[in-house]
Amino acid sequence: MTTISEQTLNASGALPRVTDFQLSRRLAEVAEKLRRQHSDPDRVLAMITEAAVAQVPNAEYASITTVMQGKFVHSAALSGEIAGHCDKIQEQLGEGPCLESAIEQTTIRIDDMDSETRWPQFTDAASALGVKSMICFQLYVEGFNFGALNLHSTRTGAFSAEAESIGSLFAAHAAIAFSSAREEQQIRAALTSRDLIGQAKGMLMERYNLNSQAAFALLAKLSQDTNVKLADLAVQLVDDAAKSTE
């Protein structure tokens, strides 16, 4: 993983400014990589954290936090163990910048962990880990589930306004890629379920000499009586039929 100490500095010791052209080219490169992984949401999330560390000035570690029903914090993807530890602390405390960024759908920046007055328990613990700066971007919203892209640095005042601007563009772009991957996965799952239900219905039609409507009604009744989802029941019927022919 590329850390700040490995990045090229200019004569004043600061990171060189990223031009609009360079930023556009980098975003295009990231977009192409995400596009190639568009059918795998987990891989997309992992690539988002990896690319964020590489592209946002001074970012050393990154995580994507998911918030379920407004309370549960889960690290969906990580780049560096420290990022995972920071998420774990917030999960235990039930508060912190990543959680608030995800739920409030806003960008939160901490320039100096030791002087930050919000979330005192978290900032003390994060500082003890060596994290001195953080910036969190709201990444996606799905019903009552939220996400945030979180960047960490071991330097105080690491994230400038330019870094925040680049991170915001990157997070917005990555959110679209992730949503597309989730949507495609859901469509594929729906098509697979439809095919399995069709197979199960055909088996019932043949076995009990039923028409299509009657077979589906029987399948729905079995689902209701057993309290098993229709798609899951179809899987069971198809698997049982396959085993009986072995």
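Helices (H or I, at least four residues) and strands (E, at least two) are taken here as DSSP runs, numbered from the N terminus. The structure is a predicted model, in which local features need pLDDT of at least 70 and side-chain atom pairs count only at pLDDT 80 or more, while totals for chains, interfaces and linings use all residues. Residues are numbered from 1 along each chain as its sequence is written, and side-chain values use heavy atoms, with hydrogens and water left out.

**Whole chain**

Of the contacts (heavy atoms within 4.5 Å) between residues at least 6 apart in sequence, 57% join residues at least 24 apart.

**Helix α7**

Select residues 212–226, which form helix α7. Within it, Asp 225 and Lys 221 meet in a salt bridge at 2.7 Å, N to O; the term denotes a side-chain nitrogen of Lys or Arg within 4 Å of a carboxyl oxygen of Asp or Glu. The two residues are 4 apart in the helix, and therefore separated by about one helical turn. Asp 225 is exposed, at 51% relative accessible area, whereas Lys 221 is partly exposed, at 44%. Salt bridges that share partners also join Arg 109, Asp 111 and Glu 164 into one network.

**The remaining salt-bridge stops**

The structure holds 6 salt bridges. Select Glu 164 and Arg 109, whose closest N and O atoms are 3.0 Å apart. Glu 164 lies in helix α6 and Arg 109 in strand β3 (residues 108–110), so the pair ties together parts that are 55 residues apart in sequence. Both residues count as partly exposed, Glu 164 at 25% and Arg 109 at 28%. Next, display Glu 116 with Arg 118, a salt bridge with its closest N and O atoms 2.8 Å apart. Here Glu 116 is buried at 17% relative accessibility, while Arg 118 is partly exposed at 36%.

**Helix α3**

Move to residues 81–93, the 13 residues of helix α3. From first C-alpha to last, α3 reaches 19 Å, close to the 18 Å expected at 1.5 Å a residue (1.5 Å times one less than the number of residues). Its buried residues include Ile 82, Ala 83, Cys 86 and Ile 89. Gly 94 follows α3 and has a positive phi, near 75°.

**Nonpolar cores**

Finally, select Ile 48, Ile 64, Leu 139, Leu 149, Leu 151 and Phe 159, which touch the most other members of the 24-residue largest nonpolar core. Such a core is a set of buried Ala, Val, Leu, Ile, Met, Phe, Trp, Tyr and Cys residues joined through side-chain atoms within 4.5 Å. Elements supplying at least two residues each include α2 (41–55), β1 (61–68) and β4 (133–142). Helix α2 gives the most, with 6 residues. A second, separate core of 15 residues includes Tyr 61, Phe 122, Val 131 and Cys 136.

Notes. Buried means under 20% relative accessible area, exposed over 50%, partly exposed in between (1.4 Å probe, protein chains only).
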